[in-house]
Each structure stands twice: as structure tokens, then as C-alpha cells.
Amino acid sequence: MLNAALLVVATVAMALGGWAQVAAWGAIGLAAIETGRRLRFRAAEVFGFALLAVAAIRLGTLDLIPHLRAGAVASPLGLHLTPWSGQVLYLAAVVAAAAWRCRIRMHRRIATTAAFWLLAATLLHTEAPADALGPIWLVIAAAAA
């Protein structure tokens, strides 16, 4: 019964588009992980991580090319931030929360690593200079170690 409920909820995210779909995948994935934690239902946790992976894959495929072609909304310190950057930052925060709420150690480590990679990806842009990205990525790498 719970499996059917999770699939019905995931269908809602399919009805959305653009940034709302990524936000829905992230929120539903985190909710499924929390459900799996509270009910000790490992399949719900795996399903939640699968939904987070779908959100990351969507950001890395469908939304990446428009991001690389778009102009920056803000350019602090030479970095080029677009709406895609905010979506990836949101997903990094959701994955970090999922790592915190997960009860399986292996899943927790994988999610923590993915959260740091997503955090580093928020700064990707074709016009971002390496001298601006290097120090920030160094700080992220030091925090991950």
C-alpha cells in the first residue's frame, strides 16, 4: 500500500515543469527518505534517493544547456550565477538533509559526497574564470575532507 502511495505522489511531480519539477522531486524524495526512516522501510529510503537522482539528472541534462547559454543574473567575485545555480543549490541542501536524516551509513556517505559535488556545481558556467572558481572549490574540498 505504501509503495502505491509513493508512486502516486511521484506522479504529481511529473505534472509539473521547469524549476517546479526539480523542487517537487527534491521535496518528495526527502519526504520519502524521512518516511523510510520513521517506518524502518528501507525501500522508501531507496525510492527517495532515486527521486533525488532524477532531480539531479534533470538538472544535469535538460536544464544544463540553457544555463550555459544564459547570461548571469548576478556576478559576485567574477562568478556567474543563474537561476540554474539556485536550483542546484536547493538540491544540494535537500541531498545534505537527506544524508542527515538517513539511517543507513552507506547511503549517508554517498549522499554527503553528492551534496558537496552539487554545491561545487552551483558555480559552473562557461564564463566563470578559473581564478574565481579555484579558491571556492578549494574551500568546498577542504570542508568535504
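This is a predicted model: local features need pLDDT of at least 70, side-chain atom pairs count only at pLDDT 80 or more; totals for chains, interfaces and linings use all residues.
| Pair | Angle | Axis separation | Crossing |
|---|---|---|---|
| Helix 2 (residues 19–39) and helix 3 (residues 42–61) | about 165° | 7 Å | left-handed |
| Helix 3 and helix 5 (residues 83–101) | about 160° | 11 Å | left-handed |

Take helix 2 and helix 3: the angle between them is about 165°, which makes helix 2 roughly antiparallel to helix 3. Helix 2 brings Gln21, Val22, Trp25, Gly26, Ile28, Gly29, Leu30, Ala32, Ile33, Gly36 and Arg37 to the contact, and helix 3 answers with residues including Ala44, Glu45, Phe47, Gly48, Phe49 and Arg58. Sorted by class, the contact of helix 2 with helix 3 has 14 nonpolar, five polar and three charged residues.

Now for helix 3 and helix 5. They pack at an angle of about 160°; angles over 145 degrees count as roughly antiparallel, so helix 3 and helix 5 are roughly antiparallel to each other. On the helix 3 side, the contact is made by Phe49, Leu52, Ala55, Ala56 and Leu59. Across from them in helix 5 sit Trp84, Gln87, Val88, Leu91, Val94, Val95 and Ala98. That contact of helix 3 with helix 5 comes out as eleven nonpolar residues, one polar and no charged.

And the rings? Searching the whole structure turns up zero aromatic pairs. There is a charge over a ring, though: arginine 101 lies over the face of tryptophan 100, at 4.9 Å from the ring centre.

Definitions and conventions
Residues are numbered from 1 along each chain as its sequence is written. Side-chain values use heavy atoms; hydrogens and water are left out. Rings of Phe, Tyr and Trp (its six-membered ring) pair if their centres lie within 6.5 Å; planes under 30 degrees apart count as stacked, over 60 as edge-to-face and the rest as tilted. A charge sits over a ring if NZ of Lys or CZ of Arg is within 6 Å of the ring centre and within 35 degrees of the ring normal. Axes are lines fitted to C-alpha atoms, for helices over the stretch in contact, and angles run from 0 to 180 degrees between N-to-C directions. Helices (H or I, at least four residues) and strands (E, at least two) are DSSP runs, numbered from the N terminus. Angles under 35 degrees count as roughly parallel, over 145 as roughly antiparallel, 65 to 115 as roughly perpendicular and the rest as oblique. A crossing is left-handed if the near helix is turned anticlockwise from the far one by less than a right angle, and right-handed if clockwise. Contact means heavy atoms within 4.5 Å. Ala, Val, Leu, Ile, Met, Phe, Trp, Tyr, Cys and Pro count as nonpolar, Asp, Glu, Lys and Arg as charged, and the others, Gly among them, as polar.
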